[in-house]
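Reader: Walk me through a few features of this model. Keep it short.

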Amino acid sequence: MEHLPFSASFILFVTAALAFAFANGFQDSANAVATLIASGTMSPRRALILNAICSLIGPFLFGVAVARTIGHEVVAGAAATQSVVLSALLGAIGWNTLTWLMGLPSSSSHALVGGLVGAAVAGHGFGAVLIPGLVKVLMVLLVSPIVGMLAGFLLMRLVFFCAQGATPRIDLFFRRGQVIAATMLALSTGTHSAQRVTGIITMGLLAEGLLADFVVPPWTTAAAGGAVALGIMVGGMRIIRTLGARFYRVRAVHSFTSQVASAAVTIGAALVGGPVSTSQVVSTAILGAGSAERVNKIRWGVVGDIVTAWVLTVPASAAVAALVYLVIYRFLI
């Protein structure tokens with residue numbers, strides 16, 4: 001019998017990575033289509049199918065810059081062992097599962113970065129963390145939701161200015177336009193979701209000795225994109241209700257402007273390798289669009305719940321990943 005080209009530990013590692021991609025798709029199924037559904041333009045089933053198809057295609061359209069950032073710039077190569085990365089994945093999956101059960105759109109990007117840092121420190125000390133790369137990632141994660149809110153606010157004001165004196169038929173334009181905008185947003189969302197995982201799998205290939213340099217194989221992109229798409233098809237209606245309805249009553253104009261703003265920010269970030277949290281950008285773009293019309297129409301209590309999840313994600317997932325590493329690789333092996 002021929003030996004498998006991959007070790008059992010590597011197969012376990014890839015399985016965990018694809019499970020993370022599936023969970024990411026399940027949790028992020030709302031991001032691109034929540035307002036599309038809430039505005040009554042498309043049924044949940046059709047919207048999720050559209051999102052799944054775009055998430056499968058998207059990772060092939062915008063390059064691998066995000067994958068390189070996650071897999072090459074946060075943890076030193078010598079510390080990026082399979083045990084460290086597997087612990088990071090388990091920590092991120094654990095935290096994402098908890099926030100999903102609570103109905104909060106937490107950030108998979110935050111969770112993965114926190115998991116990588118926590119596991120690397122637990123296994124190899126603080127010197128294993130590449131501070132410039134970590135600062136770059138955290139700055140992108142911090143700034144992108146602010147940019148998303150400003151973009152949503154300014155675009156909504158621009159729409160109001162341009163639509164002065166328009167007849168009610170303009171609503172038809174927004175309903176048709178938001179489908180195009182949602183498609184672009186879904187493509188960019190799929191890019192970020194899948195490329196995070198392709199970066200992780202490529203780290204595992206390097207650790208396994210199957211790659212000489214950090215070059216993302218196409219099969220990792222296809223596998224990660226497929227796992228994300230499958231997760232989206234399973235659904236995530238709990239998050240859809242949070243993003244699409246609990247902020248304020250979403251109409252077609254809100255959906256159109258927030259989706260255009262979100263797509264612009266996330267596509268730009270994908271091209272330059274910034275691993276943004278699409279859930280954060282979409283959420284804040286929705287807030288920006290709503291506040292441009294009337295600030296007091298937003299239910300700020302829901303915003304507070306989401307911000308709390310954002311603030312906790314990096315340290316919580318880092319702690320969980322560090323604990324996983326210590327329990328499995330220090331005490332049990």
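Author: We take cysteines, a helix pair and one serine in turn.

Author: The model is predicted: local features need pLDDT of at least 70, side-chain atom pairs count only at pLDDT 80 or more, and totals for chains, interfaces and linings use all residues. Residues are numbered from 1 along each chain as its sequence is written, and side-chain values use heavy atoms, without hydrogens or water.

Reader: How many disulfides does a search of the whole structure find?

Author: A disulfide is a covalent bond between the sulfur atoms of two cysteines. The test is a pair of cysteine sulfur atoms within 2.5 Å. Here the search finds zero.

Reader: Is Cys54 buried or exposed?

Author: Buried means under 20% relative accessible area, exposed over 50%, partly exposed in between (1.4 Å probe, protein chains only). Cys54 is buried, because its relative accessibility is 5%. Cys162 has 60%, so it counts as exposed.

Reader: At what angle do helix α6 and helix α8 pack?

Author: Helices are DSSP runs (H or I, at least four residues), numbered from the N terminus. Axes are lines fitted to C-alpha atoms over the stretch in contact, and angles run from 0 to 180 degrees between N-to-C directions. Helix α6 (residues 108-124) and helix α8 (residues 170-208) pack at about 20 degrees, axes 11 Å apart. Angles under 35 degrees count as roughly parallel, so α6 and α8 are roughly parallel.

Reader: Which residues make the contact?

Author: Contact means heavy atoms within 4.5 Å. From α6 come Ser108, Ser109, Leu112 and Leu116; from α8, Arg196, Ile200 and Met203.

Reader: Where is Ser258 found?

Author: Ser258 lies in helix α11 (residues 252-272). Ser258 is buried, because its relative accessible area is 2%. Beyond neighbours within four places in sequence, Ser258 contacts Thr35, Ala285, Ile286 and Ala289.

Technical notes
Helices (H or I, at least four residues) and strands (E, at least two) are DSSP runs, numbered from the N terminus. Angles under 35 degrees count as roughly parallel, over 145 as roughly antiparallel, 65 to 115 as roughly perpendicular and the rest as oblique.
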